[in-house]
Amino acid sequence: MKLHPITNQGKPDTRYSIEKEYCGHPESRFVVRFCGEWVGQSLFYSAAILLATSHNCQRKGAAIIVSK
């Protein structure tokens, strides 16, 4: 099932999708895509939502904090 957790003006932003896929790990993972392009993956759905949300914020010009 393809999920669209990000909204744009109150409607689902279908450019973002989260779907369980096999991506090189023994078990399927929640894979986040933007316009079909890979954003990231996570074992947990909640973390996948955070990936999509942070990608959306960065795309809109939010400051990026990087830990080393």
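Modeller: Before we start, buried here means under 20% relative accessible area, exposed over 50%, and partly exposed in between (1.4 Å probe, protein chains only). This is a predicted model, where local features need pLDDT of at least 70, side-chain atom pairs count only at pLDDT 80 or more, and totals for chains, interfaces and linings use all residues. Residues are numbered from 1 along each chain as its sequence is written, and side-chain values use heavy atoms, with hydrogens and water left out.

Colleague: OK, serine 17: buried or exposed?

Modeller: Serine 17 counts as buried because its relative accessibility is 10%.

Colleague: And which strand does serine 17 lie in?

Modeller: Serine 17 lies in strand E3; strands are DSSP runs of at least two E residues, numbered from the N terminus.

Colleague: What is serine 17 in contact with?

Modeller: Leaving aside neighbours within four places in sequence, serine 17 contacts Lys2, Leu3, His4, Val31, Val32 and Arg33. Contact means heavy atoms within 4.5 Å.

Colleague: Where is glutamate 19 found?

Modeller: Glutamate 19 is in strand E3, which covers residues 16-21. With 25% relative accessibility, glutamate 19 counts as partly exposed.

Colleague: What does glutamate 19 touch?

Modeller: Not counting residues up to four places away in sequence, glutamate 19 touches Met1, Lys2, Arg29, Phe30 and Val31.

Colleague: Switching topic, how many disulfides are there in the whole structure?

Modeller: Zero, from a search of the whole structure; a disulfide is a pair of cysteine sulfur atoms within 2.5 Å.

Definitions and conventions. Helices (H or I, at least four residues) and strands (E, at least two) are DSSP runs, numbered from the N terminus.
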